Amino acid sequence: MATAERVKQDMPPKGGYRKINFARVFPKPFASSRALVGTYVVCTGVGWYLYLLNDRLVDKYQVESRSSIIAMTPLLDAEADREYLKQLRRNREAEEKLMKNVKGWKTGTLYGEPVYKTVDSNKLIEPGLNEYYVHAPDKVLYDRAYWHKYL
């Protein structure tokens with residue numbers, strides 16, 4: 001074991017330790033308040049200028065888009081009407097093919113009796129969804145009837 005005479009004790013330096021600075025030190029300001037306000041005003045002005053330039057360009061694109069939609073709408077409506085009538089024709093042909101062996105069956109009637117007795121025979125009676133999609137897969141009818149589920 002070591003004796004107390006041989007161990008050297010750690011003592012403070014001569015003159016003592018230096019003072020501990022515990023006072024709050026504020027950081028130097030990054031910029032003056034005038035410089036910060038000026039920078040804000042300049043950045044805001046440049047931002048508004050660029051926004052207004054872009055807004056004019058967006059307006060031009062929107063006018064172009066609306067014009068193209070207005071120009072295409074009659075054509076698309078005519079194509080949709082044409083496809084509608086073609087599907088009605090396919091339904092009628094499928095009914096004729098399906099019921100050709102049934103005695104007394106006349107296509108477009110219910111066993112020879114017209115379904116709508118008070119309506120002119122040249123008038124188109126639009127079928128409901130179930131009747132329109134009668135020869136289509138169930139998923140097609142479901143997608144058409146519940147289209148809002150996909151929004």
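**Close-up legends for a predicted model**

View A. Tyr142 has a relative accessible area of 42% and is partly exposed. Tyr146 is also partly exposed, at 37% relative accessibility. Here buried means under 20% relative accessible area, exposed means over 50%, and partly exposed lies in between, using a 1.4 Å probe and protein chains only. The model is predicted, with local features requiring pLDDT of at least 70 and side-chain atom pairs pLDDT 80 or more, while totals for chains, interfaces and linings use all residues. Residues are numbered from 1 along each chain as its sequence is written, and side-chain values use heavy atoms, leaving out hydrogens and water.

**View B. The whole chain, for orientation.** The protein has 3 helices and 2 strands, in the order α-β-β-α-α along the sequence. Helices are DSSP runs of H or I with at least four residues, strands are runs of E with at least two, and numbering starts at the N terminus. The C-alpha trace spans about 130 × 65 × 25 Å along its principal axes. Its radius of gyration is 44 Å, whereas a compact globule of 151 residues would have one near 15 Å. That radius is taken over C-alpha atoms, and the globule rule is 2.2 Å times the number of residues to the power 0.38. Of the 151 residues, 5% count as buried. The protein exposes about 15,000 Å², with 59% of this area supplied by carbon and sulfur atoms. The areas come from the Shrake-Rupley method with a 1.4 Å probe; for residues, only the protein chains shown count as cover.

**View C. Charged side chains.** There are 25 positive and 18 negative side chains. The centres of the two sets lie 16 Å apart. Lys and Arg count as positive, Asp and Glu as negative; His and chain ends are not counted. Each charge is placed at NZ of Lys, CZ of Arg, CG of Asp or CD of Glu.

**View D. Asn91 and its contacts.** Asn91 sits in helix α1, residues 33–98. It counts as buried because its relative accessibility is 10%. Leaving aside residues up to four places away in sequence, Asn91 touches Glu131, Tyr132 and His135. A contact means heavy atoms within 4.5 Å. Across the protein, residues 24 or more positions apart make up 36% of the contacts with a separation of 6 or more.

**View E. Gly108 in its loop.** Gly108 lies in the loop between α1 and β1 (109–110). At 45% relative accessibility, Gly108 is partly exposed. Its contacts, again without residues up to four places away in sequence, are Arg92, Glu95 and Val115. Thr39 is 69 residues from Gly108 in sequence, and their C-alpha atoms are 79 Å apart.

**View F. Aromatic rings.** Rings of Phe, Tyr and Trp (its six-membered ring) pair if their centres lie within 6.5 Å; planes under 30 degrees apart are stacked, over 60 edge-to-face, and the rest tilted. The count is 4 aromatic pairs. Trp48 and Tyr51 form an edge-to-face pair, with 5.5 Å between centres and 85° between planes. The two residues are 3 apart in helix α1, so about one helical turn separates them. Trp48 is exposed at 52% relative accessibility. Tyr51 is partly exposed at 47%. The rings of Tyr142 and Tyr146 have centres 4.8 Å apart and planes at 45°, so this pair is tilted. Tyr84, Tyr132 and Tyr133 form one aromatic cluster.
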